[in-house]
Amino acid sequence: MTSKTRIPIQLQINGHRHELEVEPRVTLLDALRDHLDLTGTKKGCDQGQCGACTVHVDGERVLACLTLAVQAEGRAVTTIEGLAEADGTLHAVQAAFLEQDAFQCGYCTPGQIMSAVACIREGHAGSDDEIREYMAGNLCRCGAYPHIVAAVRQAALEVAS
(Lines give C-alpha, C1' and ligand atoms only; values in the text may rest on other atoms or scores of the structure.)
Protein backbone atom coordinates (compact mmCIF):
# COMPACT_ATOMS: atom_id res chain seq x y z
CA MET A 1 0.00 0.00 0.00
CA THR A 2 1.41 3.41 -0.96
CA SER A 3 0.85 6.58 0.99
CA LYS A 4 -0.70 9.57 -0.72
CA THR A 5 1.66 12.48 -1.23
CA ARG A 6 0.39 15.68 0.33
CA ILE A 7 1.85 19.11 -0.16
CA PRO A 8 1.37 22.21 1.98
CA ILE A 9 -0.29 25.16 0.26
CA GLN A 10 -1.57 28.55 1.34
CA LEU A 11 -4.74 29.87 -0.23
CA GLN A 12 -6.17 33.38 0.07
CA ILE A 13 -9.93 32.81 0.01
CA ASN A 14 -12.37 35.69 0.47
CA GLY A 15 -9.68 37.76 2.14
CA HIS A 16 -8.62 35.06 4.61
CA ARG A 17 -5.45 32.99 4.49
CA HIS A 18 -5.84 29.23 4.76
CA GLU A 19 -3.07 26.68 5.15
CA LEU A 20 -3.84 23.22 3.79
CA GLU A 21 -2.13 19.96 3.01
CA VAL A 22 -3.56 18.47 -0.15
CA GLU A 23 -2.66 15.96 -2.80
CA PRO A 24 -1.17 17.75 -5.84
CA ARG A 25 -4.15 16.65 -7.97
CA VAL A 26 -6.84 18.20 -5.73
CA THR A 27 -8.95 20.72 -7.62
CA LEU A 28 -9.71 24.15 -6.27
CA LEU A 29 -13.36 23.06 -6.12
CA ASP A 30 -12.58 20.09 -3.89
CA ALA A 31 -10.25 22.17 -1.73
CA LEU A 32 -13.01 24.74 -1.20
CA ARG A 33 -15.77 22.23 -0.51
CA ASP A 34 -13.99 19.32 1.19
CA HIS A 35 -11.09 21.00 2.98
CA LEU A 36 -12.45 24.47 3.81
CA ASP A 37 -16.19 23.75 4.14
CA LEU A 38 -17.04 26.49 1.63
CA THR A 39 -19.91 24.64 -0.02
CA GLY A 40 -21.48 27.57 -1.87
CA THR A 41 -19.44 26.73 -4.95
CA LYS A 42 -21.25 23.77 -6.51
CA LYS A 43 -20.00 20.62 -8.15
CA GLY A 44 -22.11 20.11 -11.24
CA CYS A 45 -20.54 18.23 -14.12
CA ASP A 46 -16.93 18.18 -12.80
CA GLN A 47 -15.84 18.60 -16.45
CA GLY A 48 -15.99 22.37 -16.99
CA GLN A 49 -19.22 22.20 -18.98
CA CYS A 50 -21.86 23.71 -16.65
CA GLY A 51 -20.34 26.70 -14.81
CA ALA A 52 -21.75 25.73 -11.41
CA CYS A 53 -18.23 25.89 -9.93
CA THR A 54 -17.38 29.41 -11.16
CA VAL A 55 -15.19 31.43 -8.79
CA HIS A 56 -12.91 34.43 -9.27
CA VAL A 57 -9.13 34.11 -9.15
CA ASP A 58 -7.42 37.49 -9.13
CA GLY A 59 -10.70 38.96 -10.34
CA GLU A 60 -11.05 36.65 -13.35
CA ARG A 61 -13.72 33.97 -13.54
CA VAL A 62 -12.42 30.43 -13.56
CA LEU A 63 -13.97 27.00 -13.35
CA ALA A 64 -12.86 25.60 -10.01
CA CYS A 65 -13.37 22.00 -11.19
CA LEU A 66 -10.67 22.50 -13.86
CA THR A 67 -8.25 24.46 -11.68
CA LEU A 68 -5.82 22.70 -9.37
CA ALA A 69 -5.71 24.09 -5.85
CA VAL A 70 -1.94 24.55 -6.16
CA GLN A 71 -2.54 26.86 -9.15
CA ALA A 72 -4.42 29.25 -6.86
CA GLU A 73 -1.60 29.52 -4.34
CA GLY A 74 -0.50 33.15 -3.97
CA ARG A 75 -3.60 34.41 -5.79
CA ALA A 76 -6.80 35.99 -4.45
CA VAL A 77 -9.77 33.63 -4.70
CA THR A 78 -13.33 34.89 -4.27
CA THR A 79 -16.24 32.51 -3.84
CA ILE A 80 -19.95 33.21 -3.55
CA GLU A 81 -19.47 33.37 0.23
CA GLY A 82 -17.11 36.33 -0.25
CA LEU A 83 -19.32 38.57 -2.39
CA ALA A 84 -21.51 40.15 0.30
CA GLU A 85 -20.15 42.92 2.53
CA ALA A 86 -18.94 42.05 6.03
CA ASP A 87 -22.14 43.53 7.46
CA GLY A 88 -24.25 41.19 5.32
CA THR A 89 -25.17 43.72 2.63
CA LEU A 90 -25.62 41.76 -0.57
CA HIS A 91 -23.60 42.47 -3.69
CA ALA A 92 -25.69 44.23 -6.36
CA VAL A 93 -25.85 41.03 -8.42
CA GLN A 94 -27.03 38.95 -5.46
CA ALA A 95 -29.74 41.50 -4.70
CA ALA A 96 -30.82 41.64 -8.35
CA PHE A 97 -31.08 37.84 -8.51
CA LEU A 98 -33.46 37.96 -5.55
CA GLU A 99 -35.49 40.84 -6.95
CA GLN A 100 -35.75 39.29 -10.43
CA ASP A 101 -36.48 35.78 -9.10
CA ALA A 102 -33.52 34.58 -11.17
CA PHE A 103 -33.38 31.09 -9.71
CA GLN A 104 -35.64 28.10 -9.24
CA CYS A 105 -33.89 25.13 -7.69
CA GLY A 106 -30.90 27.36 -6.89
CA TYR A 107 -28.19 24.85 -7.70
CA CYS A 108 -26.64 26.90 -10.49
CA THR A 109 -27.20 30.23 -8.75
CA PRO A 110 -23.76 30.66 -7.11
CA GLY A 111 -21.98 30.03 -10.42
CA GLN A 112 -24.44 32.23 -12.30
CA ILE A 113 -23.89 35.07 -9.82
CA MET A 114 -20.10 34.77 -9.96
CA SER A 115 -20.21 34.82 -13.77
CA ALA A 116 -22.62 37.75 -13.75
CA VAL A 117 -20.28 39.78 -11.54
CA ALA A 118 -17.43 39.08 -13.96
CA CYS A 119 -19.64 39.76 -17.00
CA ILE A 120 -20.48 43.21 -15.64
CA ARG A 121 -16.88 43.92 -14.55
CA GLU A 122 -15.61 42.90 -18.01
CA GLY A 123 -18.03 45.34 -19.65
CA HIS A 124 -20.18 42.72 -21.36
CA ALA A 125 -23.61 43.69 -20.04
CA GLY A 126 -24.51 46.30 -22.64
CA SER A 127 -27.45 44.39 -24.13
CA ASP A 128 -29.48 41.28 -23.46
CA ASP A 129 -27.77 39.53 -26.38
CA GLU A 130 -24.34 40.39 -25.01
CA ILE A 131 -25.33 39.20 -21.52
CA ARG A 132 -26.61 35.90 -22.96
CA GLU A 133 -23.38 35.44 -24.93
CA TYR A 134 -21.07 36.07 -21.99
CA MET A 135 -23.19 34.01 -19.58
CA ALA A 136 -23.45 31.08 -22.02
CA GLY A 137 -20.97 28.97 -20.08
CA ASN A 138 -23.35 28.74 -17.13
CA LEU A 139 -26.19 26.27 -17.52
CA CYS A 140 -29.54 26.35 -15.70
CA ARG A 141 -31.51 23.11 -15.79
CA CYS A 142 -34.67 24.92 -14.67
CA GLY A 143 -34.61 27.42 -17.55
CA ALA A 144 -34.54 30.63 -15.50
CA TYR A 145 -32.56 32.36 -18.26
CA PRO A 146 -34.93 35.31 -18.88
CA HIS A 147 -34.84 36.18 -15.18
CA ILE A 148 -31.07 35.73 -15.03
CA VAL A 149 -30.59 38.14 -17.96
CA ALA A 150 -32.96 40.62 -16.27
CA ALA A 151 -30.99 40.36 -13.03
CA VAL A 152 -27.66 40.95 -14.80
CA ARG A 153 -29.14 43.92 -16.67
CA GLN A 154 -30.50 45.40 -13.41
CA ALA A 155 -27.23 44.88 -11.53
CA ALA A 156 -25.20 46.36 -14.39
CA LEU A 157 -27.30 49.54 -14.25
CA GLU A 158 -26.91 49.72 -10.45
CA VAL A 159 -23.15 49.18 -10.61
CA ALA A 160 -22.82 51.84 -13.33
CA SER A 161 -24.68 54.47 -11.29
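The model is predicted, so to speak: local features need pLDDT of at least 70, side-chain atom pairs count only at pLDDT 80 or more, and totals for chains, interfaces and linings use all residues. Residues are numbered from 1 along each chain as its sequence is written, and side-chain values use heavy atoms, with hydrogens and water left out.

**Exercise 1. Work out the strand order of the open sheet, and find which strands stand at its edges.**

Step 1: Pick out the strands, which are DSSP runs of E with at least two residues, numbered from the N terminus; helices are runs of H or I with at least four.

Step 2: Look for pairs, remembering that two strands pair if DSSP finds at least two bridges between them. You get five strands in the order β2-β1-β5-β3-β4, with mixed pairing.

Step 3: Check the ends. β2 (16-22) and β4 (60-63) each have a single partner strand, so one side of each has no neighbour in the sheet.

Step 4: Zoom in on one pair. Strand β3 (residues 54-57) and β4 are antiparallel over four bridges, and V57 sits opposite E60 in β4.

**Exercise 2. Describe how helices α2 and α5 cross, and say which residues make the contact.**

Step 1: Take the axes, which are lines fitted to C-alpha atoms (for helices over the stretch in contact), with angles from 0 to 180 degrees between N-to-C directions. Those of α2 (residues 92-99) and α5 (residues 145-160) come within 8 Å and cross at roughly 140 degrees.

Step 2: Name the angle. α2 is therefore oblique to α5 (under 35 degrees is roughly parallel, over 145 roughly antiparallel, 65 to 115 roughly perpendicular, and the rest oblique).

Step 3: List the contact, meaning heavy atoms within 4.5 Å. From α2 come A92, V93, A96, F97 and E99, and from α5 come I148, A151, Q154, A155, E158 and V159.
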